[in-house]
Amino acid sequence: MLRACSRVLKPGALLSFFVVAAADGVSARDIAAGPEYVDAEPGYPLLMTAAGFDNVDLAEVTDEYAATLSTSIRARDAESAELEDLLGADEFAEGQSSRRQELAAVRDGLLVRYLISAVRP
Amino acid sequence: MSDESRDLIEEFDARYRIGEEPVMLRIERAVTGSDYGATSYTTRGQADRLADLLDLAPGKRLLDFGSGAGWPGIHLARSTGCDVVLTDLPLEVLRTANRRMRDDGVRGAVIAATAASLPLQDQRFDAATSSDVLC
């Protein structure tokens with residue numbers, strides 16, 4: 001994907017994106033045992049460089065990610081009656097459980113969110 | 001396309017359809033400050049940070065890959081005046097994005113494609129972005 005992106009960008013063009021990734025040092029076994037969304041490889045600077053980008057910058061935005069997740073859980077709890085009508089009680093409960101699991105993984109340092117920026121040479 | 005990929009696309013289509021329900025839009029506004037039926041964690045403040053980092057302005061062309069229903073790509077185009085091309089796979093989502101692009105008066109296009117095989121010519125974009133798409 002990064003290579004395809006590099007191809008369509010003009011020289012000097014900018015790439016900037018958010019991504020949720022496994023924290024450095026998290027083992028493949030932990031990733032496999034974790035929530036299903038923990039599927040990203042760590043080591044983005046290497047991936048970016050291999051795809052041909054320069055000036056790679058990683059800004060961690062994990063605290064904001066945790067805050068957004070918390071707000072999301074609270075907002076859904078506040079709308080639980082309507083969401084249960086819309087989704088069904090089981091699906092609503094599963095979704096909230098998944099979000100709480102995700103938030104726990106963030107707070108345990110297993111999941112991070114980055115804002116990654118780079119230049120296409 | 002494999003059965004697994006087809007199932008995944010259908011799942012995302014269903015998720016985005018639900019995202020257009022009034023209760024989901026209320027939640028989205030409370031959580032990220034957007035109302036696009038979005039599934040990413042990108043807040044309005046973070047989207048505005050992207051606009052600065054990408055130096056977006058009228059006359060520039062932005063690619064938003066894995067765009068979903070258009071958050072934040074359409075918002076970025078609307079707020080900076082740049083053109084935007086959105087790519088994703090679920091067709092229902094792209095129809096929604098297309099409508100939103102028209103409603104918001106944004107110049108651009110939506111394309112059904114995977115990010116890994118973009119049917120786009122080389123060196124056409126001034127900037128690219130995505131939000132919570134696995135690389």
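Modeller: Some ground rules: axes are lines fitted to C-alpha atoms, for helices over the stretch in contact, and angles run from 0 to 180 degrees between N-to-C directions. Helices (H or I, at least four residues) and strands (E, at least two) are DSSP runs, numbered from the N terminus. This is a predicted model, with local features needing pLDDT of at least 70 and side-chain atom pairs counting only at pLDDT 80 or more, while totals for chains, interfaces and linings use all residues. Residues are numbered from 1 along each chain as its sequence is written, and chains are lettered from A and ligands numbered from 1 in the order in which they are written.

Biologist: How are helix 4 and helix 6 of chain A oriented to each other?

Modeller: Helix 4 (residues 62-78) and helix 6 (residues 89-107) of chain A pack with their axes 10 Å apart, at an angle of about 155 degrees. Angles under 35 degrees count as roughly parallel, over 145 as roughly antiparallel, 65 to 115 as roughly perpendicular and the rest as oblique. Helix 4 and helix 6 of chain A are therefore roughly antiparallel.

Biologist: Which residues of helix 4 of chain B are buried?

Modeller: Buried takes 20 or more other C-beta atoms within 10 Å of a residue's own, with C-beta atoms placed from the backbone (12 or fewer is exposed, in between is partly exposed). Helix 4 (residues 73-80) of chain B is mostly covered, with six of its eight residues buried. What covers them includes helix 3 (44-53) and strand 4 (125-131) of chain B. The buried ones are B:G73, B:I74, B:H75, B:L76, B:A77 and B:T80.

Biologist: Which element of chain A gives the most to the side that touches chain B?

Modeller: Contact here is C-beta atoms, placed from the backbone, within 7 Å, and 32 residues of chain A are in contact with 36 residues of chain B. Among the elements of chain A supplying at least two residues each are helix 1 (2-8), strand 1 (9-22) and strand 3 (111-119). The top contributor, with eleven residues, is strand 1 of chain A.

Biologist: And what is the bridge partner of A:L9 in strand 4 of chain B?

Modeller: Two strands pair if DSSP finds at least two bridges between them. Strand 1 of chain A and strand 4 of chain B have six, running in the parallel sense. For A:L9, the partner in strand 4 of chain B is B:F125.

Key: Contact = placed C-beta atoms within 7 Å.
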